[in-house]
Amino acid sequence: MRNINITAIIIFLSALFTFNNANAQADQTISLVTKYMKYPFISDGQQYKALLNGDEIAEFHITFFGGTVYRLAAAAGNDEGNVVFRVYDKQRNLLFTNADYNNSPYWDFKFTSTVDCLIEIQLDNSNLSSGFVYMLVGFKQEGK
Amino acid sequence: MQKNIFISLQNVKTSIQMNKKIYNLLFSVSIISLLGLSSCGGGNQSNVTSEDSLEQSIEEQIDSNATAVIMMNGALFSIPSPYQIAMLVKKKNLDFNEELITPLDYATSYTDYFKKALALGFYGADLAYLTMYDQTPKAVKYFSKIKLLAQDLDISSGFDKEIMERIDKNMGNKDSLMYIVSNSYRKADDFLKENDRQELGALILAGGFMESLYMVTQLTNEIKDQELFYRIGEQKKPLDNLIKILSPYYDKSPQFTELTDKLVDLAYDFENIKIKYKYEQPEILPEKKLAIIKSQTEVIITEEQLQKIKDKVKEIRNFMVK
């Protein structure tokens, strides 16, 4: 009975440690991405997250409105440069990838006309093999 | 059209189930690891062997998904911020129109989480409009109501005392308010996703989206403006996205079913709008970390189509707020 109790305590403490560790990791990653979503950029009010392993790709669909400057920022793990993102139009033309620019953690996009886009997000496996990717989308206040 | 939407909805559900599988696998790995840790000191050999074979099996299952395209946490489809519509409205130099926003006293009749979550969305869109027009005293009242709704829904993140103090300090500073309020909604969105309450997040998005769409469609009564017409037509894809976000909860309650059905019905009317797209080579300015996207979209929307959409949006908005 005593052994079972000790085992239960160890499991509980280990789970607590793992949970706290995971939370600290998430906070660190979120801070890497939110630091690029400061004034004059306004968040779209959503926080995108995906758990990726190996070569898995997360995708999401978004409409960018004409006459607006947007910012995409993405992060995974404890460091910048772990995430590759690619922006396609609805005809699957590649509009931009940060892979051409050292996996830049953010990039701005000026849309002259409204475009429906697909964004693919992937881990750079040479830096990180698995983990949560966080992405934020923001738009610039007019006249700023 | 309806068939297409529901095929897409099915894909969404499958992807969400796949994500859950990965979560379950990782959860199993954690538990197995913890059990392994707790049993250190005796009888290790057989445990290590079974753990190895289990891990191998799990790795094989993960490998089988390695090239799969997965969705982003059930929120794989983005909905435009109500601030974007509010900014467009303000740009048209129209006078402030109180009839475009939902009266605060409506909220007294909201007793269930469904209505309260929708209200959190449409009052957020109203707050964006009020902020744009420097309606500070009203904006304070709307934010206070938003805070109460968030408390009722047990959303602790994004609407806490610290945020309220920041709002108080920045009243009158439009830019700061936009920034603070948008971040509040982002934090609430994250909190709901982290706590497996995504359906509330979906309702908040639905409320905000429909209130913004209501505003911009109603403004066409005051002004015949091509940019406003285009912007209405351009909501075709975001509306599809919203339906996909709501779809996993279609059977959760009769209210969810009714709301989704109404939005699908509205999507039929949007389907008749023609959208022409022409790709142009983007210009990349690495020194500014900026891409200029020059592709062009043309929206072709008739007066009749606009009127039908306007009527239906009003009907859905009334269903939401009353």
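A:Phe64 stands opposite A:Val115 in strand 8 of chain A. The model is predicted; local features need pLDDT of at least 70, side-chain atom pairs count only at pLDDT 80 or more, and totals for chains, interfaces and linings use all residues. Residues are numbered from 1 along each chain as its sequence is written, and chains are lettered from A and ligands numbered from 1 in the order in which they are written.

Helices (H or I, at least four residues) and strands (E, at least two) are DSSP runs, numbered from the N terminus. Strands pair if DSSP finds at least two bridges between them.

| Partner in chain A | Bridges to strand 8 | Direction |
|---|---|---|
| Strand 3 (residues 57-64) | 8 bridges | antiparallel |
| Strand 5 (residues 83-89) | 7 bridges | antiparallel |

Within strand 8 of chain A, A:Glu120 is the bridge partner of A:Arg86. Because 7 of the 9 residues of strand 8 (residues 115-123) of chain A are buried, this strand is largely enclosed by the rest of the structure. A residue is buried if 20 or more other C-beta atoms, placed from the backbone, lie within 10 Å of its own.

In chain B, the axes of helix 7 (residues 174-194) and helix 8 (residues 198-219) come within 7 Å and cross at roughly 150°. Axes are lines fitted to C-alpha atoms, for helices over the stretch in contact, with angles from 0 to 180 degrees between N-to-C directions. Helix 7 and helix 8 of chain B are therefore roughly antiparallel (angles over 145 degrees).

Notes. Buried ≥ 20, exposed ≤ 12 C-beta atoms within 10 Å, placed from the backbone. Parallel < 35°, antiparallel > 145°, perpendicular 65-115°, else oblique.
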